[in-house]
Amino acid sequence: MTATHKRKAWKKLQSHYDKIKDVHMRDMFKEDDHRYSKFSLTLNDILFDYSKNRITQDSVDLLLELAKECEVEKWRERMFDGEAINHTENRAVLHSALRNRSGKQMFAQGENVMPDIRQELERITRLANSIRTRQWRGATNQPITDVINIGIGGSHLGPMMATEALHPYAIHDLKLHYVNNIDENHINNTLETLNPETTLFIIASKSFTTQDTMMNAETARDWLLHKIGDESLLELHMVAVTSNTEAAVKFGINEQNVFKMWDWVGGRYSMWSAIGLPIVISIGPENFEMLLQGAYEADQHFRNAPLDENIPVIMAMLGIWYNNFFHSESIAILPYDQNMHRFPAYLQQADMESNGKAVDREGNPVEYSTGPVLFGEIGIASQHAFYQLLHQGTKLVPADMLAPISNYSCLSNHHRALMSNVFAQTEALMMGKTEEEVIAELTAEGKSEEEIKFLLPYKLFPGNKPTNTFLFYTLDPKTLGTLIALYEHKIFVQGIIWNLNSFDQWGVELGKKMAKTILDELADNEMIETHDSSTNGLINYYLKLRTLNPNNN
């Protein structure tokens with residue numbers, strides 16, 4: 001296969017980049033009154049404005065030419081058709097089947113998966129309704145007031161992000177908690193104010209052997225037994241989502257409350273499955289259905305829209321433009337909605353675990369930059385934290401800004417102030433502030449010539465910093481589902497352009513395996529000499545000082 005950076009379209013893009021790399025967006029807008037209408041798209045009530053990018057129509061045409069040359073459309077159909085495009089694990093990639101609302105069959109390597117999906121959705125709906133209506137009772141016949149999801153990675157980030165984002169749609173006297181850290185502070189801090197008699201745990205682990213999850217699950221089990229006493233009653237306080245039913249039952253969970261996972265769904269794409277049980281419990285089955293509906297509509301848009309009108313494709317190719325031609329190494333995700341505060345962390349795993357790879361699909365080292373470093377935070381807070389670097393730093397950091405036009409319960413003075421910042425920041429990042437503008441501003445403030453000369457370099461803003469803006473009416477379940485799926489498909493397209501398998505994650509294995517070896521070495525206080533000098537020194541310092549706490553021996 002031709003290496004991506006040796007393709008004809010890539011070479012054309014390089015020549016085009018050399019021509020426009022120093023052109024300022026301020027001038028692009030001056031020269032074209034229709035730039036916004038040319039470079040914006042809509043899906044339902046979601047507006048995607050990508051006009052504040054360092055592109056011309058030629059840039060877009062060449063980027064889409066690269067997408068076609070890399071056969072994005074062909075790979076897209078292979079994914080939706082259930083082929084084993086995760087070739088290193090010989091698995092299909094069918095998270096889209098989990099939100100298939102069409103009634104049509106979908107196949108994973110020849111088997112229709114829809115009956116199984118519908119059955120599991122019905123099962124988690126029944127369980128969620130029994131908890132939400134207080135019919136589910138614990139060991140002492142009290143209703144459940146707190147649900148704790150114990151998982152890690154995709155079994156944690158997706159449900160937590162969604163329940164936080166959709167907080168206005170939740171039952172507020174039914175509390176959802178999440179534990180993922182093996183550090184005992186996480187589970188201890190979570191449990192310290194809860195009542196075992198009214199707490200239900202969801203143990204989410206595909207293998208039911210993941211060290212972090214199972215250690216927390218065992219601590220939860222001991223906490224329950226200390227109060228309840230009878231092991232046979234554990235099943236009233238624990239359910240599981242796993243592909244290892246036997247291990248879950250052995251742990252003390254009723255087989256009727258073990259929910260299925262499939263190997264054709266990666267963890268970071270699994271919130272649409274039974275992994276989403278905490279979401280269903282929190283917002284209810286009807287709202288969960290709307291979450292699935294929103295994602296399904298994004299799937300249909302991605303599958304059917306022409307490439308030049310296809311939001312995930314445009315998102316992906318803009319990312320390629322900055323990553324591989326401007327040599328930008330990062331991207332910022334900046335939601336202007338407090339309830340989306342975990343959205344950047346969720347996308348961080350989805351993107352960096354998918355495309356953070358240096359070997360292509362043929363097993364060859366790549367000779368070009370692949371997945372960017374993704375970071376982000378709530379926009380307003382970020383303005384007082386790292387926006388300084390975005391505006392005046394030496395690095396080019398493309399940014400996505402996401403904002404609702406109206407909140408669930410809208411305080412107009414708050415929301416107008418919020419939105420003024422969204423619009424101002426995208427304009428400021430694009431326009432910057434010229435020397436003439438700074439001098440005029442300081443003169444109007446009554447500064448002397450000497451003061452102006454001194455302050456001038458500090459007050460200049462280069463601008464020309466690219467942003468995409470997503471505006472939507474409000475963050476309801478359907479809109480959230482659409483946004484998440486758009487980003488999923490963006491990641492997929494970028495993986496195709498870079499010729500990566502976006503659906504395995506071998507990079508998470510090495511450290512986990514080494515940790516198991518070291519865990520055995522920490523069983524006693526014998527000095528360690530089996531590693532490099534730094535690791536030996538760190539372990540031995542730990543062994544020396546841990547004796548200060550008798551509970552740590």
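Let me start with a term: two strands pair if DSSP finds at least two bridges between them. Strands here are DSSP runs of E, at least two residues, and helices are runs of H or I, at least four residues, both numbered from the N terminus.

Good morning, everyone. What we have here is a predicted model, so local features need pLDDT of at least 70 and side-chain atom pairs count only at pLDDT 80 or more, while totals for chains, interfaces and linings use all residues. Residues are numbered from 1 along each chain as its sequence is written, and side-chain values use heavy atoms, with hydrogens and water left out.

Now look at strand 12 (residues 399-404) and strand 13 (residues 467-472): they pair in the parallel sense over 6 bridges. Within that pairing, aspartate 400 stands opposite asparagine 468 in strand 13.

On to the charges. How many salt bridges does the structure hold? There are 19 salt bridges, each being a side-chain nitrogen of Lys or Arg within 4 Å of a carboxyl oxygen of Asp or Glu.

One of them joins glutamate 65 to lysine 12, with the closest N and O atoms 2.9 Å apart. Glutamate 65 lies in helix 4 (residues 57-69) and lysine 12 in helix 1 (residues 8-20), so this pair ties together parts that are 53 residues apart in sequence.

Another is between glutamate 488 and arginine 99, at 2.8 Å, N to O. Here glutamate 488 is in helix 21 (residues 477-497) and arginine 99 in the loop between helix 6 (95-98) and strand 3 (107-108), 389 residues apart. Are these two buried or exposed? Both glutamate 488 and arginine 99 are buried, meaning under 20% relative accessible area, where exposed is over 50% and partly exposed in between (1.4 Å probe, protein chains only).

Finally, Arg76, Glu77, Asp81 and Arg303 are linked in a network of salt bridges.
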